[in-house]
Amino acid sequence: MRPKRTAAALLAVALLAAAGCSGRSGSETGDTSSGDTVVADFGDLSGVCQDGDASGAPTQGVTDSEITVGVFSDVGYSKNPEFVDAAKVFTSWCNAAGGINGRKITTEVHDSKVMAVRQKMVEACRTDFALVGGGAGLDGLGAKERLECTLPDFPAQVSQQPNLGTDLQVIASQSTYAHYDPYNGFRQWLTKEAYPQSAGAVGIINGDSPVTKVLGDKAVESLNAMGAKVIYNELYPVGGVTDWTPYAQAIKNSGVRGLIWYGEDAPLAKLEEKLTSMDYKLDWIDPNNNAFREDYLELLGRSASFQNNLVDLGGVVPPQLADQSPAMQQLQDLYEKYAPDAVITLPAIRAFSAWLLFAKAASGCGAELTRTCLVETAQKETGWTGGGLHSPNDMSVKDRAPTCFNVMQATAEGWKAPDFGANDGLFRCGTPPYRYTGNYGEPLTLADVGKTMADVK
């Protein structure tokens, strides 16, 4: 039985590299049966979806009346419906407004179950016009197949380097970057402003998996570049740790003041409990933003108030601040109407932005909706915010760098925004980016599979 548990844990850590993978099996089509009058504006975006008289079948997945869109998810493993919930909410709202120039959106959920990415990508290549608002922990396994069939991808998130920044991929709300440290601004704030005494005493604990170990390597490089010093760097077996006391004791003995964690949330909560029991409080703990959930606070227990857990949301408006964001308030209203039992998670917000970008670009293509037009129109957006759901992203720059960050703090009363020096509304922008110098692999291109944009129909 031990090998099976170890394999399962390895897959769990792989999922965490994507910072939240989700979905529900089956196929969803937006509900237009209510007859309600829908205003197809979102935040500061107008006319996202609308009725029309588009006709013809200009490419695969597009007919007179429908557009077939794929949503990738690891639901068979994660049991997390956040991506499918986002698809349901968006398509219900969009289709009620008339769809994309009169064509209704039909979604096909591809349950990749972590290890079935390639198989599901082959299926998507046979039926879908594009992929929108999804993600998979081992998404690199299907990158080659996707490019071979010239399938556009508007992902909610990307996990693996071979898939990150690939051709025909348009990332609306960036969470990871091919060549830049996504946490540079946040960690500079931690080590130079908020807790400067921690700069010389940073620790890293990482799951012993090739999927997440590279994240630790990148963190060490960027921390060294900003003048911080990593004094403790440890791997933990993804098969499980029966007693976190030795790790907690080593952290205390080393004098670690700031801790970065890459792995599942539950083990970190157990480690924090050991540290709290030793009365050892770190200046800060970065559990990574996959921990940005209410149930993580429950896992922390008394450590939610004793330890100082801080996460970087990468410029995405948190649901807790809806009173300061009309777009987030509207998103909550849409969820209340179309998926009242669903939870608005960080990946779900990114998924909704991906759907908005897809719809706006597709609408702009008119009746002659092709993959080439879709991608090229989306890439003309130079200040995309998802209507106000996140800080601006320039879609015209493929290898772009992070521009803004924002921080949320775990407390016993819930997630709260600390003072992190916001200088642009809810965000802090303008921190110089850090470009990696190490070789962590390159994304696949159309040329790698013998294709060019001329092959994209």
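Aromatic pairs were searched for across the whole of this predicted model, and 18 were found. Rings of Phe, Tyr and Trp (its six-membered ring) pair if their centres lie within 6.5 Å; planes under 30 degrees apart count as stacked, over 60 as edge-to-face and the rest as tilted. The centres of the F42 and W93 rings lie 6.3 Å apart and their planes meet at 70°, so this pair is edge-to-face. It joins distant parts of the chain, 51 residues apart: F42 belongs to the loop between strand 1 (26–29) and strand 2 (66–73), and W93 to helix 3 (residues 82–96). Helices (H or I, at least four residues) and strands (E, at least two) are DSSP runs, numbered from the N terminus.

F42 has a relative accessible area of 0% and is buried (under 20% relative accessible area, with a 1.4 Å probe and protein chains only). W93, at 3%, is also classed as buried. W93 forms an edge-to-face pair with F90, with 5.8 Å between the centres and 65° between the planes. F90 and W93 are about one helical turn apart because they are three residues apart in helix 3. F90 is buried, with a relative accessible area of 0%.

Ring pairs link these residues into a cluster of F42, F90, W93, F129, F154, F352, W355 and F358.

Residues are numbered from 1 along each chain as its sequence is written, and side-chain values use heavy atoms, without hydrogens and water. Local features need pLDDT of at least 70 and side-chain atom pairs count only at pLDDT 80 or more, whereas totals for chains, interfaces and linings use all residues.

Technical notes. Buried < 20%, exposed > 50% of the residue type's maximum accessible area, 1.4 Å probe, protein only.
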